Amino acid sequence: MSVVAVRITAVMTCVLTVVACTGSPPHRPSLEPTASADESPTASPSISTCGTVPVSDGKLNTALDVTIEGPAAVQSGSTFTANVAITTTQPAIDLSSSTVVTLLIAQRHEIVGRSLLPGAALAFEPTITPSAPATLSASILVAGCAIPPIDPTNADLARKPLPQGAYTFYAVVVEYDGDSETDQTDLVSAPFPVQVTQSLASPS
């Protein structure tokens, strides 16, 4: 066998048997999972829920719209107050004096804060037109769902301040236009984002 043939044979042997030529085994990728740099070691604190955000329904559902005007940030444990506007594109719609508005606090469409106190009522019978909406003032304690035992004289005492973070507030307007449930219209506002900041009573 020639010298050239011997060298070619030696090179092929090294390619096929890496261990014999280098003295170390080839690198093999690990099959063990590795932690991502974006993964958080702890989960966010859980918040108790008390229902889901309702949907608008009733005979006036398509005739009325509800929007919230209020602060974009509020301190946990304080009172959030907003103006709730009821508007229409119809020529004119009469509302009853028993129309009630309440506020809800939600995350991911789950209610995480609601008041058990009566909502604000109109106490008069306005006629809404495109140029003359009805505006009600509504407020809610920035706190979670009520936890028993509940004092019926002050149900908000059973609600604890919410953790700081991003929340969505909704206004729910209940319009009674008769004596039966079929005469009731439930209107849910567009979502209103609010940043809840830390309560002064919370430890730093």
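Which side chains meet in a salt bridge? Before I answer, please keep in mind that this is a predicted model, in which local features need pLDDT of at least 70 and side-chain atom pairs count only at pLDDT 80 or more, while totals for chains, interfaces and linings use all residues. Residues are numbered from 1 along each chain as its sequence is written, and side-chain values use heavy atoms, with hydrogens and water left out.

The side chains are those of Asp156 and Arg159, at 3.0 Å from N to O, where a salt bridge is a side-chain nitrogen of Lys or Arg within 4 Å of a carboxyl oxygen of Asp or Glu. A search of the whole structure finds one such bridge. Asp156 counts as buried because its relative accessibility is 15%, and Arg159 is buried too, at 4%; buried means under 20% relative accessible area, exposed over 50%, and partly exposed in between, with a 1.4 Å probe and protein chains only.

Turning to Ile150, this residue lies in the loop between β9 (134-141) and β10 (165-176), strands being DSSP runs of E with at least two residues, numbered from the N terminus. Ile150 is partly exposed, since its relative accessible area is 37%. Beyond residues up to four places away in sequence, Ile150 touches Leu116, Ala155 and Ala158, contact meaning heavy atoms within 4.5 Å. Leu116 is 34 residues away along the chain, and the two C-alpha atoms are separated by 9.7 Å.

Finally, Thr185 belongs to strand β11 (residues 184-188) and, at 1% relative accessibility, counts as buried. Leaving aside neighbours within four places in sequence, the contacts of Thr185 include Asp57, Leu60 and Val174.

Conventions. Helix = DSSP H or I, 4+ residues; strand = E, 2+ residues; numbered from the N terminus.
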